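Good morning, and thank you for coming. I would like to walk you through one structure, its interface and its charged pairs. Please look at the display.

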Amino acid sequence: MKFTQLMLAVLFFSAAMPARAGELDLLLDRLVEKNVIDPGEAQEIRVGTQEEVKKEISQQRHATLPLWLQTMKLRGDVRLRYQFNDNHNKALTQHRGRFRLRFFADAKVNEKVYMGFGFASGSSTDPRSTNQTFGDNNAKKSLWIDYVFAEYNASDNLALTAGRTKNPLWLTSDMLWDTDVNMEGLSARVSLPVNYNWDIFANAGFMALAESSSDPKDPYMLFAQPGVTWRDNDGVYDMKAGAAVYAFNNIEHSSELAHRPSTTDGYQKSNTLVSGQYKYSYDAISPEIELNANILEPVSLPLVTSLLGYNVSYTGLFGNYIKSLDHGKNSEGWIAGFKVGQRKVEDAGQWQLRYSLRRLQKDAWLDNYPDSDFYGGAVNVKGHEVLLTLGLLRSFAIDLDYYQTQPIAGGLKKEKLFQADINLKF
Amino acid sequence: MKKLITIVMLLGLAAQASAGKIVLEGSTTVLPIAQRAAEVFMKQNPDADLSVRGGGSGVGIASIIDGTCDIADASRAIKPAELEKASKKGRDLKAHIIAMDGISHILHPSNPLKGLTRAQIKQLYTTRVKNWKEIGGPDLKVVVISRDSASGTFEAFSELVLDKKKVRPDAIMQASNQGIASIVARTPGAIGYVGLGYVTDSVKAIAVDGVMPDKNSVLRNKYAISRPLFMYTVGAPQGDIKKFIDFLKGPEGQKIVSEEGFVGLK
């Protein structure tokens, strides 16, 4: 077989099956073994083919596809959950099977502007939950618009976002903001590298909380969060710290906002109301910090290492404090915790254990936003959370999450909540 | 008036001369091959005028896209973003593979280590390993030498060994293979990486994952940190550019490749 003919055959082969580069390698290796071609010719064909295919893809993309389609990313995740609630305010314990489906897309509209949207499951418009509970005699479930935004990248250091967006604040925990809460409004993100060790960042924005045609004083929130990140020269330690300042407007003396904790589910509504209106404004300051250490000589835990194959290569500490600024009574909250295991759980056998202890007083924060799994998302609560994440396969992990929570004051009783989740990302 | 005519004629001649000049620019790894090949080619073809300069693979590819060189030398494959940029400018870049290279890891000859794994090299380049004894070597301070980020050798090394992690901040950055080889030859605790052609008796090449970089291991894909070396032209080469590429890929050019310490394809 002539070299040119062979080249054409291989090009045809690779064009027909561009995803099967491994098969091309196998074919070339066999041809070398049988002395049909020499190793140099095999390399020339292999590399030449890769280059031609790459060029064709590039030229086709440039010629035929608009930018948004070239840059569109589709992602999503599925979570399957078993949940056990033992709320002592209720007569019965509760076993539930639940699922969450989320599907996201984002794309570049032009060189400066991104857009994105996401759909999520959920049994209601509750901003703090995307779960659907198995039941209702196999009735079909709903899909909601979870977020939709446009982002203008003014420079490498400044991005402006408008719409219903993922929470733009940097957070170490869900004490104040349930991870499902998306914000509706405007935000800006600034990041500035100072040197190899230090970066500074800031988030700021406006969030609409309610809109009424009959009341000119719509409540809204302004926020600003300056912060810094630091890493050492050796890639061992790093730190991130920030302090958010929240200014709630038209909350004090206004009617309660929607989506407070459910009293029928055995939880409490604790923010102080006078004649059905908020007594305080809930302006607050909230510093938080995260310290991380990569362990260069990973520590072996005999049982864990032999079972999972991974030593302890990471540990971290995190904490968040909040102080409501316009009153002194029951106006504080805090969370402190640690993480140990691997920094990220991305593959089989990797694991991370996270523990936190928190206490959130009744008027430290509005009870519309905290983690809905921690005593129904209420304030006036304290308790522990232990979360073990274990990688089963790549992008496939199991979470075992246990909460023991109770009110700080009042007549309600404690709750134990256990969740076993299977998480798949795509 | 006569002066004006003379100047115009001289400018015309100069323009003609520059039109015949072939400019090669880019990778410092490819540079010795390109220089030797250009010298021999010009001796055989007295009318041909080749000018060779380095700068790094990224510089060479940017130049050919901008039209300021005729042949871009590269020790890495062109990136999709560069291909798109070329496509937007209507330049159809054609890749010519001229040789293979193994990125060789070199130590000072007094270092008794004979080999390292890619994981150990990654650890040396991205973390705070301070002494060779931490990874089973002699009691000697580790001095890490790396290429700067414009280098194709660095990009290949970063992708194949570091998984694109950042090089430790105390690494000594060098703009050329020669610079790395020179420092390693003078520094007992140093580790560096260079193209095969820069491995001399003054440094010690080591095995990576148990495989020494040589012609056989590179050509047969046994040595993990191997890569092709390229020359890029705009479209299918014509005239003297075609003659030069054919020369380089032919027996004489491939002999030069081998003599310069790289792996020829023939």
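Is B:Asp246 buried, partly exposed or exposed? With a relative accessible area of 41%, B:Asp246 is partly exposed; buried means under 20% relative accessible area, exposed over 50%, and partly exposed in between, with a 1.4 Å probe and protein chains only.

A word on conventions. This is a predicted model, in which local features need pLDDT of at least 70 and side-chain atom pairs count only at pLDDT 80 or more, while totals for chains, interfaces and linings use all residues. Residues are numbered from 1 along each chain as its sequence is written, chains are lettered from A and ligands numbered from 1 in the order in which they are written, and side-chain values use heavy atoms, with hydrogens and water left out.

Let me return to B:Asp246. Its side chain meets that of B:Lys242 in a salt bridge (2.8 Å, N to O), the term for a side-chain nitrogen of Lys or Arg within 4 Å of a carboxyl oxygen of Asp or Glu. Both residues lie in helix α9 (residues 239–249) of chain B, 4 residues apart, about one turn of the helix. Helices (H or I, at least four residues) and strands (E, at least two) are DSSP runs, numbered from the N terminus. B:Lys242 is likewise partly exposed, at 39%.

I turn now to the interface. Here, 24 residues of chain A are in contact with 29 residues of chain B, contact being heavy atoms within 4.5 Å. Across this interface the rule finds 1 salt bridge: B:Lys249 pairs with A:Glu44 (3.3 Å, N to O). Helix α3 (residues 39–64) of chain A supplies the largest share of the side of chain A that touches chain B, namely 15 residues.

Next, the pairs within chain A. Over all chains, the structure holds 27 salt bridges. One of them joins the side chains of A:Arg81 and A:Asp421 (2.7 Å, N to O). This pair links distant parts of the chain, 340 residues apart: A:Arg81 is in strand β1 (residues 73–87) and A:Asp421 in strand β19 (residues 415–425). A:Arg81 counts as buried at 6% relative accessibility, and A:Asp421 counts as buried at 4%.

Another salt bridge joins A:Glu151 and A:Arg189 (3.5 Å, N to O). Here A:Glu151 counts as buried, at 13%, whereas A:Arg189 is partly exposed, at 40%.

Finally, in chain B, a network of salt bridges links B:Arg36, B:Lys255, B:Glu259 and B:Glu260. Thank you.
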